Amino acid sequence: MREKGRKVLGVALSVCMTASMAYAVPAAAAETKTINLNEQACYLRTKGDIVKAFSQAVPQDYDAAFFAEEGSAHAPYKEFTMTDIAKENAVRVANYYRWLEGLSGFESASADAWSRAAKGSVLIERNIELTKELSHYPEKPADMDEAFYRDGYAATSSSNIAYGFGASQRALLGLTRGFLNDEGFTVPGHRNTFMTRNGVSFAAGYSKKCAVNTIIYTDDPNQQGESVVGNNNPAYAWPTPGYFPEEDISTKAVWTVNLNTDVVRPAGDTYTVTVTDMGTGEKFVRNSTATGLDDSPYWGRYICFKSPDADSYSGKSYKVEVSDMVDAARNPVNFEYTVNFFSYEDEVEIDGATYTSDAYGRLTRTSAPAYLLGDVTGDGKVDVQDVTAMQRIIAEMNVPDERTIKAADIDKDGTVSVSDATLLQRYLAEFTVEL
């Protein structure tokens with residue numbers, strides 16, 4: 001260089017000359033960007049939103065028949081065929097937990113996938129009887145047909161499998177929670193396969209004692225980055241940012257973050273997760289396997305870390321901070337989020353009324369919804385659209401809920417009738433009627 005302070009590519013460099021060398025002052029380090037996962041649209045929901053979604057997802061009749069046709073875990077082997085409503089319930093429960101994670105839901109998989117899963121559950125049950133072991137890769141029982149075995153093995157070798165949950169509408173919820181908890185594992189493989197961002201369809205198979213859950217993926221199940229169609233937030237966490245039901249994770253289960261590696265990924269081999277109890281200020285630092293940090297490149301890119309020390313999450317809030325990350329351009333990035341635990345049985349507001357739920361999603365209303373007299377449509381104002389809505393009620397074209405009935409009962413006689421419509425029309429015409 002010949003000139004002091006010469007501009008190179010528009011950046012002024014200060015140069016100190018010696019007899020034979022020039023030293024440039026290092027450029028300032030890039031500012032670290034912080035991504036707050038709580039600001040992602042999929043996590044902007046209330047406790048009421050979550051309880052309502054849970055209530056709509058779990059089976060409505062736990063005593064309904066589960067099998068349309070009984071099978072057999074002994075020769076001659078036969079798959080147990082689930083009823084249509086049991087299949088619908090299985091998919092709906094699975095999709096509730098996908099929604100809770102912030103991911104798109106599954107389609108119901110092909111009939112062949114459901115059949116293979118059912119045969120897989122029979123194969124597992126028989127294999128446990130013979131070997132006393134639960135395995136994704138069971139040996140063929142000597143008296144099992146080869147084609148039945150191949151179909152069952154295709155399911156067990158590529159699915160989540162379980163023993164001991166039984167077969168009932170009620171088991172669907174317990175089994176899914178069991179898979180998502182994966183207690184005893186530093187990398188929760190059942191949860192990770194279930195929460196893979198490119199999962200597209202789902203099938204389940206049950207015998208009397210065993211279960212198989214199959215997830216079908218687009219392309220490679222280990223696919224990462226934004227090549228995944230949809231589901232491309234920077235990261236998805238479990239337990240999730242924002243409100244999270246304490247019933248859906250054990251205090252013994254690890255926490256996970258599934259990265260979109262085209263947005264954020266570890267800068268190197270080491271990084272740090274810090275979990276802070278917002279009530280006590282106690283910090284739990286995870287930065288090595290010894291302190292409870294693990295990493296999985298399978299079914300996406302997962303950060304897995306030991307949960308904060310707690311006997312219960314009831315009423316707890318935690319802040320999670322992940323540092324030493326980079327973006328696609330390798331600029332430094334940290335990300336953070338807070339988790340606010342609550343119970344499904346807490347009183348919550350849903351559609352203007354308050355409710356409590358039991359552990360199985362059955363709601364009990366504790367207060368009636370608020371309403372504006374004359375606002376039949378519930379849009380917050382009184383106009384001609386409300387007259388039309390009232391007329392449809394009177395003509396029995398619509399079935400109103402309690403809020404609507406109270407808003408439409410202008411004369412307060414306990415019914416919605418022509419006199420109410422007349423009073424509303426006179427009000428809108430600015431006659432002397434007062435609402």
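I began with a term: a residue is buried when its relative accessible area is under 20%, exposed when that area is over 50%, and partly exposed in between, with a 1.4 Å probe and protein chains only. I also noted that a salt bridge is a side-chain nitrogen of Lys or Arg within 4 Å of a carboxyl oxygen of Asp or Glu, and that Lys and Arg count as positive and Asp and Glu as negative, while His and the chain ends are not counted.

**Ground rules.** The model is predicted, and local features need pLDDT of at least 70, side-chain atom pairs count only at pLDDT 80 or more, and totals for chains, interfaces and linings use all residues. Residues are numbered from 1 along each chain as its sequence is written, and side-chain values use heavy atoms, with hydrogens and water left out.

**Confidence.** I looked up pLDDT, the predictor's confidence in each residue from 0 to 100, and found that the protein averages 90, with 92% of the residues scoring at least 70. Over residues 1-27 the pLDDT is below 50, and this stretch has 21 contacts in the model beyond near neighbours in sequence, where contact means heavy atoms within 4.5 Å.

**Entry on D386.** I located D386 in helix α7, residues 384-394; helices (H or I, at least four residues) and strands (E, at least two) are DSSP runs, numbered from the N terminus.

**Entry on D409.** I placed D409 in the loop between α8 and α9. D409 is also described as buried without a salt bridge, and the nearest side chain of opposite charge, K412, is 7.0 Å away. Which backbone nitrogen does the side chain of D409 reach? I read off that of D413, at 3.2 Å. Leaving aside neighbours within four places in sequence, D409 is in contact with L373, G414, T415, V416 and D420.

**Entry on α9.** I noted that D420, A421 and L424 are the buried residues of helix α9, residues 418-428. These residues cover an arc of only 100° around the axis, which puts them on the same side of α9; the arc is that of the directions from the helix axis to the C-beta atoms. An α-helix has 3.6 residues a turn, so residues three or four places apart point the same way. The cover over the buried residues of α9 includes α7 and α8, the latter at 402-408. After α9 comes E430, whose phi is positive, near 65°.

**Entry on α5.** Why do I call helix α5 largely enclosed by the rest of the structure? Because 10 of the 13 residues of α5, residues 169-181, are buried. The buried residues include L172, L173, R177 and F179. Just after α5, I saw that D182 takes a positive phi of about 50°.

**Entry on salt bridges.** Side chains of opposite charge can pair when their charged atoms come close. How many salt bridges does a search of the whole structure find? I recorded 15. In one of them, D151 pairs with K119, the closest N and O atoms being 3.1 Å apart. The pair links distant parts of the chain, with D151 in helix α4 (residues 146-156) and K119 in helix α3 (residues 111-131), 32 residues apart. D151 is partly exposed at 29% relative accessibility, whereas K119 is buried at 14%. I also found D295 with R301, the closest N and O atoms being 2.8 Å apart; D295 is partly exposed at 26%, and R301 is partly exposed at 21%.

**Entry on Y217.** I found Y217 in strand β11, residues 210-217. Y217 and W299 are 82 residues apart in sequence and 9.7 Å apart in space, C-alpha to C-alpha. A polar atom of the Y217 side chain lies 3.5 Å from the backbone oxygen of T193.

Methods
Polar contact = N/O pair within 3.5 Å; in protein donor to acceptor, adjacent residues only side chain to side chain.
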